[in-house]
Every structure is written in C-alpha cells, then in structure tokens.
Amino acid sequence: MAGPEQIKKAYAKAMATLSAGQLRDAAKAFERILKQRPDLAEAHFQLGRIATRQRDFAKGAGHFEAALRAKPGQTEIWLAYLELASLHPKPDNLQTLLGRLGDGLDARPELGFYRALVAQARGQEGEARKDLEDAMARGLSSGRAEIVLGQLLTKAREVDPALAAFDRAANHSASAGEALSLKAELLRNLGRIEEALDAARAAIAAEPQTGSLYYTYASITRITPKDPMIVKMQDRFAKAGKGDPGRVYLGHALAKAMEETGQRAEVFRYLGAANRQLAKAFPYSAAIDEAAVRETQALFESLGDAPVSTPDAAPTPIFVTGLPRSGTTLVEQILASHSQCEGAGEIALLGKELRAVFSVDVAARSEALTLAGNTYRAKLAERFPGADFVTDKSIASYSSIGLIRHALPDAKIIVVRRDPGDNALSIYKNLFEPGQHRYATDLRTIARFMRLFETQLYYWRKALPDAFYELRYEDLIAEPEAQSRALVAAAGLDWEDACLSFHENKRQVDTLSATQVRQPIYKSSVAAWRKYEDDMASFWDAYGDAPD
C-alpha cells in the first residue's frame with residue numbers, strides 16, 4: 001500500500017500529464033492511484049473531467065458520484081458534474097442533477113447557465129434568456145453561455161445582439177470555432193455572404209481539426225477547383241477515424257465540392273461514407289413513423305362531426321409544408337415578400353400544442369384542439385405583432401392537415417411537391433441536424449418515407465377535398481409569375497409585384513436553402529438526378545419505376 005507521500009507524488013505526476021493534454025495516459029495514472037486509494041475524491045474528480053472531455057457520460061457520472069460520496073458538499077465537484085450532464089443529448093439528465101443540488105450552490109452564477117440550457121431544450125426561450133442574463137449580471141464569463149445567448153437572440157431575430165454575443169464567445173479560445181461558425185451561419189442566413197465567408201474562415205483557423213466548420217464554409221459558397229479548402233478537407237477526412245462525428249460533416253462538404261468542381265464520380269463515395277456513419281449513430285424506424293401517421297388519422301376520425309370553432313383573432317397562419325428539399329423555402333420566401341405577410345420559418349410551435357391533444361379523452365378533443373389553435377395563434381401574435389398573415393414552414397405539417405383545419409379553420413395550407421428523383425437526391429445530399437430526418441441517410445428509406453408522405457396527402461385529399469392547395473416545384477420554375485400569382489391567391493392575399501422579387505428580401509432564412517433563395521429562380525435543379533442515374537438505382541428500386 002502506497003503511503004501519503006507516494007500518493008501525493010503520483011497525483012502531481014498525473015496532473016502534469018493531464019495538463020500536457022495526454023488524456024489516456026493521465027486517466028491510467030489516476031486509475032492506478034485509485035487502486036491504492038479507492039475513495040480518493042480528487043482522483044475520481046479528475047477522471048470525471050477527463051470523461052467529460054471524451055464525452056463518456058456513463059464513466060464520468062460514475063466517477064463524479066464516487067467523488068461526491070467522499071466529499072458530498074464540494075461545490076467544484078457538483079459544478080463539474082453539471083458540466084458533464086449539460087453536454088448529454090438528453091436534457092432530462094441535467095434537470096435531474098439540478099434537482100439534487102442543495103441550497104449551498106444557489107449563489108453560483110453557473111447554475112443560471114445550466115437552468116437556461118434546460119429551459120432552452122424545452123422551448124422556453126424567454127425563461128432561458130432571463131436565466132442567462134441574470135447569471136451574466138452576477139459575473140458569469142463563459143463562451144458556452146455567450147453561444148447559447150447568441151442562439152436565443154438569433155431565434156428571436158435580434159441580429160445585432162446575436163452577432164455581438166457570438167463575437168464575445170469567440171474571445172474564449174475553447175468556444176471560438178463554434179462561435180465563429182454560428183456567426184457565419186447567421187450572416188449566411190441574412191444574405192451577407194462575404195461577411196459569412198470571413199467568419200467561416202476564421203472559425204477554421206481557430207480550430208482546423210473540427211470537421212463541422214468545413215461544412216459551414218461549404219454551405220456558404222460555391223467551391224471552385226482551386227479552392228485550398230478542398231485539400232484541407234480531404235486531409236482531415238482521411239485522418240478522421242470512422243467514428244469521428246466530424247467525418248460526417250467533412251463527407252457532405254466534400255461531396256458538395258466534388259459536384260461543384262465536376263468530379264461527379266466522387267460525390268456518392270463521400271456521401272455514402274458520411275450517411276452510413278449517420279445511419280449507424282441514428283438508426284431509422286419506418287414502423288415508428290407509420291404508427292404515428294395511423295395515430296394522427298385515428299385522432300382526426302374520432303372528432304366525427306364535432307363543430308369547428310370560429311377563428312379567434314389575427315394573424316392568419318399560412319402553413320407551407322412538404323418533404324424537405326421540395327421547394328418549401330422558396331415558396332415561403334415568395335409569400336413573405338408580400339407586405340401583409342411575415343415569414344416565421346420552421347417555428348415548430350403548433351406541433352407541441354397538437355401533441356398534447358393525443359392524451360385528452362375523446363369527448364374533450366374538439367375543445368382541446370380549439371384551445372391548441374388559439375394558444376398557437378396567440379404565440380404568433382406575440383412574435384409578430386400587427387401582422388395580418390404569418391407563414392409557418394414547419395415541414396411535417398402535412399401529417400396533421402385535418403387537425404390543423406379543426407384547430408385553425410381559417411388557416412391556409414400550401415403543400416409543395418417535387419419530382420421524386422430530384423427530391424430524393426437533394427435529401428440524400430444535404431446534411432440535416434443529427435438525429436432529425438433519420439430516413440435521409442439511405443436512398444431506400446427515403447423512398448419509403450416519400451411513399452408514406454404521398455399516402456398521407458391522398459388520405460387528407462379524400463377526407464377534406466378543399467383543405468389544402470398543392471403546388472408543384474417544377475411548375476413554379478417553368479412559370480414563375482403565373483404560379484406565384486396562383487400561390488398568393490391561394491394564401492388569401494392580393495397580388496403584389498414584390499412577390500416576384502423574393503430574392504431581394506433581406507429577411508432571415510434559417511434553412512439549408514438560405515443561399516438559394518437569395519437568387520432569382522433557376523432551372524439547374526430540375527432533372528438533376530439524371531446526372532447520377534446509376535447511383536440512384538436503389539432509390540428507384542424501392543420507390544418504383546424511374547420515369548422514361
């Protein structure tokens with residue numbers, strides 16, 4: 001058994017190894033110390049911190065729990081444990097840990113940051129912002145906190161304060177890359193492309209090893225053959241391990257670069273590697289989606305002939321829906337260019353209200369839907385005071401058309417359709433938020449999801465023949481003015497010429513199509529799948545015959 005002096009020397013040596021960034025060797029050194037002193041809180045604490053940096057949540061929690069058993073009132077252990085929980089993808093872990101804290105930590109401003117993370121995850125942006133601002137007023141100086149504040153301000157469309165928050169976060173070296181990347185994305189979404197590129201390049205300079213930053217850069221600009229970023233991305237992709245999350249971003253960025261530089265044979269090689277890794281991390285279950293569709297339709301049928309309420313107040317919602325990458329952003333941009341219409345983007349407010357209706361007794365569902373609609377409309381009015389119409393581009397609204405018509409009988413619903421081959425290719429090529437649109441990582445599951453989409457439209461068209469207006473993307477591209485006029489009329493608006501100049505609209509567009517809608521209508525995306533006919537074969541096998 002080692003004596004106190006030997007333990008002290010071994011601990012100092014382990015700390016020096018940790019300070020040098022040698023995490024594995026440091027972890028082994030602390031584990032050797034624990035074999036001599038299993039209850040040494042300091043060794044458990046450092047192993048918990050190492051696990052946090054490695055995103056090993058189970059191991060980190062085990063060591064922090066052991067450290068707390070030895071020293072239950074130690075503030076620094078609790079704070080380090082909260083940091084680990086705050087990085088976990090499930091916010092419930094952080095909420096549970098916050099509930100275990102005693103009164104002794106209330107004075108620490110860091111708690112305000114962690115409470116803000118929980119509120120943000122629950123969609124309580126106002127509460128999250130209040131917690132953050134209070135923590136900062138009490139002395140919190142944190143790059144992560146500034147990033148979260150910037151995200152909240154971005155969502156609230158307070159552009160200049162959001163950019164300032166990202167700049168402050170960039171002054172913290174540990175958060176510089178992420179902060180500059182978020183700044184670049186916001187500038188891109190505002191159409192300030194040159195500024196966005198400067199921020200993206202600065203992010204890469206700050207953290208050249210982080211793969212996601214290259215994807216941000218690629219999303220902003222059309223890559224040319226002489227762009228030095230191509231070689232840098234290829235080098236990073238080759239060095240990244242197969243489980244490295246950055247490899248997914250690099251793969252999608254390189255696929256875009258290969259397409260734009262004419263190296264089409266390489267496009268699906270990079271896409272395949274990236275999407276296979278995503279599919280393994282976030283497996284798709286078609287059965288879950290199909291069950292959700294049946295549940296929604298059963299709820300609608302349970303309403304029977306229940307009366308639909310009179311609309312509560314302005315604004316009138318215009319739902320723009322369809323499959324991802326089908327042209328919904330373009331359609332929303334056309335409508336949002338009208339003087340009476342505000343573009344809300346993918347706000348995802350009504351879905352939260354509708355989900356609550358599923359747990360209500362059948363006899364009370366009609367009333368619950370009316371309440372859901374009124375609550376949603378009140379939130380729209382709060383966000384867009386004085387607006388007559390507001391577009392909501394929450395993609396999956398098509399699944400709930402019957403419920404929307406009951407909850408918001410005056411709402412307009414626009415469904416956008418696109419050639420299945422082009423739509424599937426665009427879904428497969430684009431990188432969505434990890435864990436969302438899980439079907440998008442495989443051409444066969446994309447085909448199955450698209451067929452499910454089509455069966456839902458058929459169901460709603462049969463149940464409610466006049467419930468929605470359907471617009472085909474290819475028709476809009478072929479006849480921009482005629483189709484735009486028909487679209488504006490279907491949305492309940494009088495025609496304005498500004499709707500044809502949608503690309504001049506400076507509104508914030510927070511989708512993957514942010515750069516495309518800054519350009520006039522172009523035809524290069526029509527029949528694009530034919531450039532990759534062999535690569536698309538598995539899609540057509542699952543979907544059905546390809547058109548002649």
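## Pocket, cavity and helix packing in a predicted model

The lining of the second largest pocket is made up of R122, G123, E125, L349, K352, E353, K379, E382 and R383. Among the elements, those that give two or more residues to this lining are α19 (350–357) and α20 (365–383), and α20 supplies the largest share, 3 residues. The space in the second largest pocket comes to about 200 Å³, and its lining residues divide into 1 nonpolar, 1 polar and 7 charged.

The model is predicted, so local features need pLDDT of at least 70 and side-chain atom pairs count only at pLDDT 80 or more, whereas totals for chains, interfaces and linings use all residues. Residues are numbered from 1 along each chain as its sequence is written, and side-chain values use heavy atoms, with hydrogens and water left out.

On a 1 Å grid over the protein atoms alone, a pocket is an open set of points with protein on both sides within 12 Å along at least five of seven lines, a cavity is a set where a 1.4 Å probe fits but cannot get out, and lining residues have an atom within 4 Å of a point. A volume is the space filled by probe spheres set on the points, which are joined across faces, edges and corners. Ala, Val, Leu, Ile, Met, Phe, Trp, Tyr, Cys and Pro count as nonpolar, Asp, Glu, Lys and Arg as charged, and the others, Gly among them, as polar.

A search of the whole structure finds 1 cavity of 30 Å³ or more. The largest cavity holds about 100 Å³ of space and is lined by 16 residues, of which L278, F432, Q436, H437 and T441 lie nearest its centre. The lining of the largest cavity divides into 7 nonpolar, 7 polar and 2 charged residues.

Helix packing is listed next, where helices are DSSP runs (H or I, at least four residues; strands are E, at least two) numbered from the N terminus. Axes are lines fitted to C-alpha atoms, for helices over the stretch in contact, and angles run from 0 to 180 degrees between N-to-C directions.

| Helix pair | Axis distance | Angle |
|---|---|---|
| α1 (residues 4–19) and α2 (residues 23–36) | within 8 Å | roughly 165° |
| α9 (residues 143–155) and α10 (residues 159–170) | within 8 Å | roughly 165° |
| α11 (residues 176–189) and α12 (residues 193–206) | 8 Å | about 165° |

Given its angle, α1 is therefore roughly antiparallel to α2, a term for angles over 145 degrees. The crossing of α1 and α2 is left-handed, that is, the near helix is turned anticlockwise from the far one by less than a right angle. In this contact (heavy atoms within 4.5 Å), I7, A10, Y11, A14, M15, T17 and L18 of α1 meet L23, D25, A26, A29, F30, I33 and Q36 of α2, and these residues divide into 11 nonpolar, 2 polar and 1 charged.

The helices α9 and α10 also cross at roughly 165°, which makes α9 roughly antiparallel to α10, and their crossing is left-handed. From α9 the contact takes G143, E146, I147, L149, G150, Q151, L153 and T154, and from α10 it takes P161, A162, A165, F166, R168 and A169; the division is 8 nonpolar, 4 polar and 2 charged.

For α11 and α12, packed at about 165°, the arrangement is again roughly antiparallel, with a left-handed crossing. Here A176, G177, L180, S181, K183, A184, L187 and R188 of α11 meet I193, E195, A196, A199, A200, A202, A203 and A206 of α12, a contact of 11 nonpolar, 2 polar and 3 charged residues.

Conventions
Parallel < 35°, antiparallel > 145°, perpendicular 65-115°, else oblique.
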